[in-house]
Amino acid sequence: MIRIAFSPFAASFNYFDRDRNGTLSREELKLKLRAVVCHKFAERKQALDGEHKKQVYGVIDHILNGVFEKIDLDHSGSIDVEEYVKGFSGNPEVLGFLQTL
């Protein structure tokens, strides 16, 4: 059994859970990831606009498809905290994307 309450993954789950309903929808996760990416570009004083922005958002959408395929274990269309913790701790390749942000 995973100790979810003390997991660093549980803390990051709360960061992504914008509406605090205990699950992550694809849209909720996408919006937060886009915000993180835009913030990183701004920190680096790089423009993220036009075609470049479209490409970056396309990559995020592609990655989200993989995240939901591997982590949404009950195929409900949303990820609960238990799926999130198990999924990210068991799929380091998925976590790798988030670490590069």
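Tyr84 is buried, at 1% relative accessibility. Buried here means under 20% relative accessible area, exposed over 50%, and partly exposed in between, with a 1.4 Å probe and protein chains only. The model is predicted, so local features need pLDDT of at least 70, side-chain atom pairs count only at pLDDT 80 or more, and totals for chains, interfaces and linings use all residues. Residues are numbered from 1 along each chain as its sequence is written, and side-chain values use heavy atoms, with hydrogens and water left out.

Tyr84 takes part in aromatic pairing. Rings of Phe, Tyr and Trp (its six-membered ring) pair if their centres lie within 6.5 Å; planes under 30 degrees apart count as stacked, over 60 as edge-to-face and the rest as tilted. By this rule there are three aromatic pairs. In one of them, the ring centres of Phe13 and Tyr84 lie 5.3 Å apart and the planes stand at 70 degrees, so the pair is edge-to-face. Phe13 belongs to helix H1 (residues 8-16) and Tyr84 to helix H4, so this pair ties together parts that are 71 residues apart in sequence. Phe13 is buried as well, at 2% relative accessibility. Ring pairs join Phe13, Tyr84 and Phe88 into a cluster.

Helix H4 spans residues 81-90, and its buried residues are Glu83, Tyr84, Val85, Gly87 and Phe88. Helices (H or I, at least four residues) and strands (E, at least two) are DSSP runs, numbered from the N terminus. Gly87 has 5% relative accessibility. At the start of H4, a side-chain oxygen of Asp80 comes to within 3.1 Å of the backbone nitrogen of Glu82. This is a polar contact, defined as a pair of N or O atoms within 3.5 Å; within protein, one must be able to donate a hydrogen and the other to accept it, and residues adjacent in sequence count only if both atoms are side-chain atoms.

The overall fold was also described. The protein has five helices and two strands. Along the sequence, the pattern is α-β-α-α-β-α-α. Buried residues account for 35% of the 101 residues. Contacts are heavy atoms within 4.5 Å. Of the contacts between residues at least 6 apart in sequence, 53% join residues at least 24 apart. The accessible surface comes to about 6300 Å², and 55% of it belongs to carbon and sulfur atoms. Areas come from the Shrake-Rupley method with a 1.4 Å probe; for residues, only the protein chains shown count as cover.

Charged side chains were examined next. Side chains of opposite charge can pair when their charged atoms come close. The structure holds four salt bridges, each a side-chain nitrogen of Lys or Arg within 4 Å of a carboxyl oxygen of Asp or Glu. Lys30 lies in helix H2 (residues 26-43). A salt bridge joins Lys30 to Glu27, at 3.3 Å from N to O. The two residues are three apart in helix H2, and are therefore separated by about one helical turn. Lys30 is buried, at 17% relative accessible area, whereas Glu27 is partly exposed, at 41%. Leaving aside residues up to four places away in sequence, Lys30 touches Asp61 and Leu64.

Asp61 forms a salt bridge with Arg34, at 4.0 Å from N to O. Asp61 lies in helix H3 and Arg34 in helix H2, so the bridge ties together parts that are 27 residues apart in sequence. Asp61 is partly exposed, at 29% relative accessibility. A salt bridge also links Lys40 and Glu43, with the closest N and O atoms 3.8 Å apart. These residues are three apart in helix H2, about one helical turn. Lys40 is partly exposed, with a relative accessible area of 25%.

Two charges sit over rings. The criterion is NZ of Lys or CZ of Arg within 6 Å of the ring centre and within 35 degrees of the ring normal. The charged end of Arg26 sits over the ring of Phe68, 4.4 Å from its centre. Lys32 lies over the face of Tyr15, at 4.4 Å from the ring centre.

Ser76 occupies the loop between helix H3 (50-71) and strand S2 (78-80). Ser76 is partly exposed, at 45% relative accessibility. A polar atom of the Ser76 side chain lies 3.0 Å from the backbone oxygen of Ser78. Ser76 and Ser25 are 51 residues apart in sequence, yet their C-alpha atoms are 9.5 Å apart in space.
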